[in-house]
Amino acid sequence: MRDHGGERLTGPREILRVLRGHRRWILGAVSLTVVASALGLAQPLVVRRVIEAAGAGTAVAGSVALLVVLFVAQALVQAVAGYVLARTGEGVVLGIRLDLVEHLLRLPMRTYDRYRTGDLIARTSADSTALRLLIAEGFTDAVSGAIGLAAVVALMIWLDWVLFLVVLALISVGGLLVASVLRGIARASLHAQQATGAMTAELERALGAIRTVRASRAERREADRIGAQAEAAFLASVRVGRLDAVVAPAIELTVQGSFLLVLLIGGVRVAGQDASVADLAAFLLYMLFLVGPVGAVFQAVSTLQQGAGALRRITEILDLPGEPGAVPAAPAAAAPRPSRAGPRPPVLEFRDVWFGYDPERPVLRGVSFRVPAHAHVALVGRSGVGKSTVFALAERFYDPDRGVLLFEGRDVRTLDRAEHRARIGLVEQHAPVLYGSLRENLLYAAPEAGAEEVGRAVELAQLTELVARLPRGLDTDAGEHGMALSGGERQRVAIARSLLSRPSLLLLDEPTAHLDAVNEVALRRSIEQASAECAVLVIAHRLSTIRAADLIVVLDGGRVVATGSHEELLDGCAPYRLLCRAQQVRGAARGRGG
């Protein structure tokens, strides 16, 4: 559904989608509400009978007792219905949050490139909470109110159709007034949710770089930036409140005006002997009961429009496609598996691979190289030539635009992504360490690993001394983003975490870029130990790391311009010589500075 401005609004299909799995509870809540309405609608008929019996001089005790029973039963049923509605609303919020979390963790990387992290978080928290009102009040009130309204209308027509036409005329006027503000409520609600998401994104941005914020004395600027989004959310919410404030008075004036007009016209008709007092009393009681269904329907429509923005933002994310699965292998798509006696294929091979985050601006241009099994390969080149992109393709965060990427002789497009990633360990440049203990971080990629395997990974990554030094060993808290550890320790924790899953290939993204000499030596030992376990592909800038490799692949301008050993490339590759000279100059400058 779209408004005239082109914005997509909430329709029945979106509402029914979020109710999937909760329809039985919704049906129960609606049924209880309808039963409560029926018990209430029966009361004016009993009052009518009491009045008629009193006029005829017959006993009224039985009718009065029935009226009390109906009243108490209605109260009890309404209480149960209220609990069921509250539980259903919370259940819908829980279901939406679980679906969102599951979906958000499985989106393609290009999607994360488009959306801000804080905004995605807001959709899981604030937007999903806003749905509680939509479900617990809006949808259920709309259904039960419509049913109750139909019953009241039928009884009012049965009692006095002339007076009903008077009521209908006034309610129609009020309905037109309410309808005129509903579209504005939906649009303002969407703007409020968008501003709330932007505010969360700005706050996540500032807190994620809080040390830089403090060092740059930018607290005031960040507070102003975040405050601007908070004010935008405030203004949009005030507009929603201003428009919604019209709804309740419009309903109240409509019903009160109808009541007074019916009392006036009905009184004249009773005085003229055209209607009985009992019928007029019953009709007026139904007028009072009409307030509930009419108010429920109008307010429900208003509530649905207020929740439309949150629902739209949630369904927008749920409609995004997840990562594609494996495609069936064509006859020539993958190399045949070698026999045990035959040579092993390269653990990773790029064949004329082209790729760009924007297809019109390729980062990799026909890249081809191999990483042999148990080899230590260094990937070198200036910043921005596509080294990290090679890693992103190897991990299948993205797929090539052209060319073929083989893993252990098989086209990666024919492999399940999870199984493929289980065979690759990735140590990112900043080596993220998650909040939790050191043990939890090590077990992150291999939660079923035993104590012996953990000990082996700790030893391979040169972490034995660190674990012995920590107050609680592996159960020591690593701190937020691993801030309780040094940069080199975080790098080695990331290596141990990757090795614990026993990968065929370990990817190291500039592991020594920010380390001192002592930590660099320890990390180089870890890499040497790792290369005995699996193939290692390392993005390297320091000469000490580059020279330790068995094979060096030089990238320049998105292309592989040379491969070979350090000595071979010094003789035959001009871009490599320039890189080495720059490293020597940088090393000499560091030596003078020390």
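Q: Does cysteine 573 count as buried or exposed?
A: Cysteine 573 has 4% relative accessibility. Buried means under 20% relative accessible area, exposed over 50%, partly exposed in between (1.4 Å probe, protein chains only). At 4%, cysteine 573 therefore counts as buried.

Q: What kind of model is this?
A: Residues are numbered from 1 along each chain as its sequence is written, and side-chain values use heavy atoms, leaving out hydrogens and water. Local features need pLDDT of at least 70, side-chain atom pairs count only at pLDDT 80 or more, totals for chains, interfaces and linings use all residues, and the model is predicted.

Q: Which cysteine holds the closest cysteine sulfur to that of cysteine 573?
A: The sulfur of cysteine 573 has its closest partner 9.0 Å away. That is too far for a bond. The residue with this closest sulfur is cysteine 580.

Q: What relative accessibility does cysteine 580 have?
A: Cysteine 580 counts as buried. Cysteine 573 is also buried. For cysteine 580, the relative accessibility is 3%.

Q: How many disulfides does the structure hold?
A: A disulfide is a pair of cysteine sulfur atoms within 2.5 Å. The sulfur of cysteine 580 is 9.0 Å from its closest cysteine sulfur, so it is too far for a bond. For the structure, the number of disulfides is zero.

Q: How many aromatic pairs does the structure hold?
A: Rings of Phe, Tyr and Trp (its six-membered ring) pair if their centres lie within 6.5 Å. In the structure, the number of aromatic pairs is four.

Q: Which residues form one aromatic cluster?
A: The rings of phenylalanine 355 and tyrosine 357 are 5.0 Å apart at their centres, with planes at 85°, so they are edge-to-face. Phenylalanine 355 is buried at 1% relative accessible area, while tyrosine 357 is partly exposed at 38%. The one cluster is made of Phe355, Tyr357 and Tyr398.

Q: What separates the C-alpha atoms of leucine 320 and leucine 104?
A: Leucine 320 sits in the loop between α9 (277-318) and β1. With 13% relative accessibility, leucine 320 is buried. Along the chain, leucine 320 and leucine 104 are 216 residues apart, yet their C-alpha atoms are separated by 9.3 Å.

Q: What is the phi of aspartate 352?
A: Aspartate 352 lies in strand β1. It is partly exposed, with a relative accessible area of 42%. Aspartate 352 is not a glycine, but its phi is positive, about 50°.

Q: Where is arginine 396 placed?
A: Arginine 396 is a residue other than glycine, yet its phi is positive, near 65°. At 1% relative accessibility, arginine 396 counts as buried. Its place is the loop between α10 (387-394) and β4 (402-407).

Notes
Phe/Tyr/Trp six-rings, centres within 6.5 Å; stacked < 30°, edge-to-face > 60°. Helix = DSSP H or I, 4+ residues; strand = E, 2+ residues; numbered from the N terminus.
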